[in-house]
Amino acid sequence: MDISRVDLNLLVYLDVLLRERNVTKAANHLGITQPAMSNGLRRLRDLFGDPLLIRTSEGMTATERGRELQPLVRGILSDIEQAVQEKTPFSALESQRVFRIMASDYAESCLMPRVLRRIRQEAPHVTLDVLTPSDVSFLDVEQGRLDMAINRFDKIPQSFHQKTLWTEYFACLMNARNPILKAPFTLDTYLDASHIWVSKTGFGVGVGVNPKDVQRLGWVDEALSRMGRKRQISVFTRHYQVAMLLAEQHDLIATLPSRAAWLQKDNSNLVVKVPPFEIPPFELKMAWSPLLQHNSDHQWLRKLIAEVASEVDQEFAPFGAQFESAESPQAHHSER
């Protein structure tokens, strides 16, 4: 194929079509007519020798070739945008930029206060807008409307850049006068107690929890299920701060990420225990759009967050070592 004869605007059309999965919405997004977008789709099909999008009962669905092309096209357009974008150095002291970060309740508690402290020191006029997972979607990240998403992710779109901030293990938090502490803390005494469930779904609006649906209850209950055991959950919450407050009630146990428990290390009303069974760890990651990969403002923010995470990691290490299993993977700070 002679690349000089290819209309590169078609790649813009394809990028939006694969994202919107709707010709009319794609046309509106680009400010062109629906017939013009339909013509663009026809030309794209001729160019790639594939339908790319086909109509199904669920609307327009990408073909296998379309799914393969989506991250490639997004990357190409990102490189082009970088090439033509004017390079302006970021001045932290003078910047008045608003950074919008989606952070899970756990990340907001364990990481964001320190991030804000550093931002206030280095960039006093910068504003930080912290959103919850229910406020945004992957599309918001992809289009650069959101600077950063910080969470644990089961899946991240292939086109996204990501960096692992730390690997997290689990701890049990309970009242110092909890009756089960009169005996050794074993799996049986753990299961005899009443429990606080705390978690948050990924992007999008959350829904109610079905206590019988173990697969949707998360790491703790899946680990118990693999042993053929089940705990008695008395309260469900989506907020780690609430779970830590509820743990002060004399008969409840909160099994939560160890850095969240670490926040309560000076609370004399609470005791932290190592879970009496193996719970697989998870990774806290930050993810961002390829559109922002080369932006100098964003590069400064990513570097700051990574440095703060490393500081938290080092300070937490003496406390956290007790929760790490010899069989579990060690923390690492990968980036792509």
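A residue counts as buried when its relative accessible area is under 20%, as exposed when over 50%, and as partly exposed in between, with a 1.4 Å probe and protein chains only. The model is predicted, so local features need pLDDT of at least 70 and side-chain atom pairs count only at pLDDT 80 or more, while totals for chains, interfaces and linings use all residues. Residues are numbered from 1 along each chain as its sequence is written, and side-chain values use heavy atoms, with hydrogens and water left out.

The protein has 336 residues, of which 46% count as buried. It contains 13 helices and twelve strands; these are DSSP runs numbered from the N terminus, helices being H or I with at least four residues and strands E with at least two. Among contacts (heavy atoms within 4.5 Å) with a separation of 6 or more, 78% join residues 24 or more positions apart.

Two packed helices are described by the angle between their axes and the distance between the axes. Helix α1 (residues 9-20) packs on helix α2 (residues 23-30) at about 130°, and the axes are 9 Å apart. Axes are lines fitted to C-alpha atoms, for helices over the stretch in contact, and angles run from 0 to 180 degrees between N-to-C directions. Angles under 35 degrees count as roughly parallel, over 145 as roughly antiparallel, 65 to 115 as roughly perpendicular and the rest as oblique; α1 and α2 are therefore oblique to each other. On the α1 side, V12, Y13, V16, L17, R19 and E20 take part in the contact, and they meet V23, K25, A26, H29 and L30 of α2.

L139 belongs to helix α7 (residues 138-142) and is partly exposed at 26% relative accessibility. Between L139 and S289 there are 150 residues in sequence, but the C-alpha to C-alpha distance is 9.5 Å.

R302, in helix α13 (residues 296-320), is buried, with a relative accessible area of 9%. R302 touches M148, M286, W288, L292 and Q293, again without residues up to four places away in sequence.

In helix α10 (residues 219-226), V220, D221, A223 and L224 are the buried residues. Seen down the axis of α10, they fall within an arc of 155°, so they line one face of the helix; the arc is that of the directions from the helix axis to the C-beta atoms. Just after α10, G228 has a positive phi of about 75°.
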